[in-house]
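Please read these notes with the model open beside you.

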Amino acid sequence: MADGDRPFGWGVVGFGWVARDYAVPGLLASGGRLAAVFDPDAEAQRLAGEMGATAHPTLDALLRDPAVEAIYVATPNHLHRAAVEAAAAAGVPVLCEKPMAATLTDAEAMAAAVERAGVLYGTAFDQRHHPAHVALREAIRGGLIGTVTAVRIAYCCWLGREWTSLPGHGNWRADAAQAGGGALMDLAPHGLDLTQFLLEEPVVEVVAMTQRRVQDYAVDDGAVILGRTASGVLLQQHNSYNCPDALPRRRLEVLGSRGQVVAENTMGQTAGGTLTHTDAAGVVAALPFGDQDVSPFARQMAAFAAAARGAPHDFSGARDIATMRLLHQAYASDPRCR
Ligand SMILES: NC(=O)c1ccc[n+]([C@@H]2O[C@H](COP(=O)([O-])OP(=O)(O)OC[C@H]3O[C@@H](n4cnc5c(N)ncnc54)[C@H](O)[C@@H]3O)[C@@H](O)[C@H]2O)c1
């Protein structure tokens, strides 16, 4: 059977919220197969078995499983490094959740490990694969809004101290040692990467101000980042854990010398949302995009599977380490975080 006819075999390391609710449905929707799981949690192992996947007792056993063509890492952030380094040593392609790691040191080690081993690596920036964002990039490239001047992002949510994605697990996101930071560390990677994807150029400098305003934990529950791209586009990004989920909280604006596009409810894990274009005369119109029902995760898993089987791709550890450096630079710029 040719590669293209055989469902792609995924191994999942960390079978929690994002893996169960988004990545695995996405890989199945894109014609892949959940071959195996490694997760120390008994409930995760039970669910993996129910789905016909092998629940391996160790990461090494999963990496040796011939049915596993690539792994998807969705553990808490401080555990990304060990999984990625093990995959690199085993020669297994690895798609790892954002942020790349809890610390820049870990991320640098991961990038070096995959580079040394020549193993395909990608950080799971699913929002690059959202059909609205793909259409928006094409529109910008085609000159719809003229010279791009600024990107403004609000990407916020509510995360209380007691929040947990899995019964019996603590809230690792509120623990700096496990998460590497708070709302900025968790949510800003998406906007930084998406800006670079949309504009097809790097963000080269950032500063930030963080707050601990509403939630009673030690990591930041809000942050504003100001940034600039290589060609001089300005970025203004607000991320927070202190915005009730029922409020408008997912908005992306791209402004140019001849118009602007506003994307509402496209940032996030789900399909859909809207794009609205306003031209320089003030005429407002919807900017249509296809695949309204296709989740960014389905497209992401399909793209990585194809890359692992040799298709052209733009996954890059070098690019993702640059985004990780920006997060580090953002925290370092805030006197409250020094
Ligand atoms: N791309 C996105 O939109 C998005 C959304 C949510 C989470 N994430 C990222 O995904 C990752 C996981 O987040 P989550 O919300 O699913 O967390 P979670 O707590 O729901 O799940 C983590 C899972 O990892 C397992 N685990 C713990 N130690 C492990 C180990 N040593 N080896 C293997 N598995 C282990 C836990 O048992 C749990 O099942 C984080 O890096 C997070 O930032 C990304």
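1. Burial is given by relative accessible area: buried means under 20%, exposed over 50%, and partly exposed in between, with a 1.4 Å probe and protein chains only. By that rule Arg128 is buried, because its relative accessible area is 9%.

2. The model is predicted, with local features needing pLDDT of at least 70 and side-chain atom pairs counting only at pLDDT 80 or more, while totals for chains, interfaces and linings use all residues. Residues are numbered from 1 along each chain as its sequence is written, and side-chain values use heavy atoms, with hydrogens and water left out.

3. Domains. The protein chain is assigned a domain 1, made of 3-124 + 298-316, and a domain 2, covering 127-293. These bounds come from an automatic or database domain assignment. Taken over C-alpha atoms, the centres of domain 1 and domain 2 are 25 Å apart.

4. Interface area. The size of an interface is often given as the accessible area lost when the parts come together. Here buried area is the accessible area (1.4 Å probe) that two parts lose on being put together, summed over both. Domain 1 and domain 2 bury about 1,600 Å² between them, and carbon and sulfur atoms give 59% of that area. On the domain 1 side, Trp17, Lys98 and Arg299 lose the most area to domain 2, together 37% of what that side buries.

5. Interface contacts. With contact meaning heavy atoms within 4.5 Å, 17 residues of domain 1 touch 21 residues of domain 2. The rule also finds 7 residue pairs in polar contact across this interface, both residues at pLDDT 80 or more. A polar contact is a pair of N or O atoms within 3.5 Å; within protein, one must be able to donate a hydrogen and the other to accept it, and residues adjacent in sequence count only if both atoms are side-chain atoms. Helices α1 (17-29) and α9 (296-308) each supply at least two residues of the domain 1 side that touches domain 2. That side divides into 8 nonpolar, 4 polar and 5 charged residues. In this count Ala, Val, Leu, Ile, Met, Phe, Trp, Tyr, Cys and Pro are nonpolar, Asp, Glu, Lys and Arg are charged, and the others, Gly among them, are polar.

6. Elements. Helices (H or I, at least four residues) and strands (E, at least two) are DSSP runs, numbered from the N terminus.

7. Salt bridges. A salt bridge is a side-chain nitrogen of Lys or Arg within 4 Å of a carboxyl oxygen of Asp or Glu. The structure holds 21 of these salt bridges, and 3 salt bridges are found across the interface of domain 1 and domain 2. Arg128 and Asp314 form a salt bridge, with the closest N and O atoms 3.4 Å apart. The two residues are 186 residues apart: Arg128 is in the loop between β6 (121-123) and α6 (131-141), and Asp314 in the loop between α9 and α10 (317-333). Asp314 is partly exposed, at a relative accessible area of 39%.

8. Other charged pairs. Asp186 and Arg173 form a salt bridge at 3.3 Å between the closest N and O atoms. Asp186 lies in helix α8 and Arg173 in the loop between β7 (148-156) and α7 (176-179), so the pair ties together parts that are 13 residues apart in sequence. Both Asp186 and Arg173 are buried. A network of salt bridges links Arg152, Arg251, Glu253 and Glu264.

9. Glu200. This residue lies in the loop between α8 and β8 and forms a salt bridge with Arg141, the closest N and O atoms being 2.9 Å apart. Glu200 counts as partly exposed, because its relative accessibility is 40%. Arg141 is also partly exposed, with a relative accessible area of 47%.

10. Gln300. This residue sits in helix α9 and counts as buried, at 0% relative accessibility. A polar atom of the Gln300 side chain lies 3.3 Å from the backbone nitrogen of Phe125. Residues that Gln300 touches include Leu95, His129 and Phe315.

11. Backbone. Most residues other than glycine have a negative phi, and most peptide bonds are trans. Glu200 has a positive phi, near 55°, and Asn265 has a positive phi near 60°. The peptide bond from Lys98 to Pro99 is cis, with omega near -15°. Pro99 is in the loop between β5 (94-96) and α5 (104-117).

Technical notes. Lists of a residue's contacts leave out its neighbours within four places in sequence.
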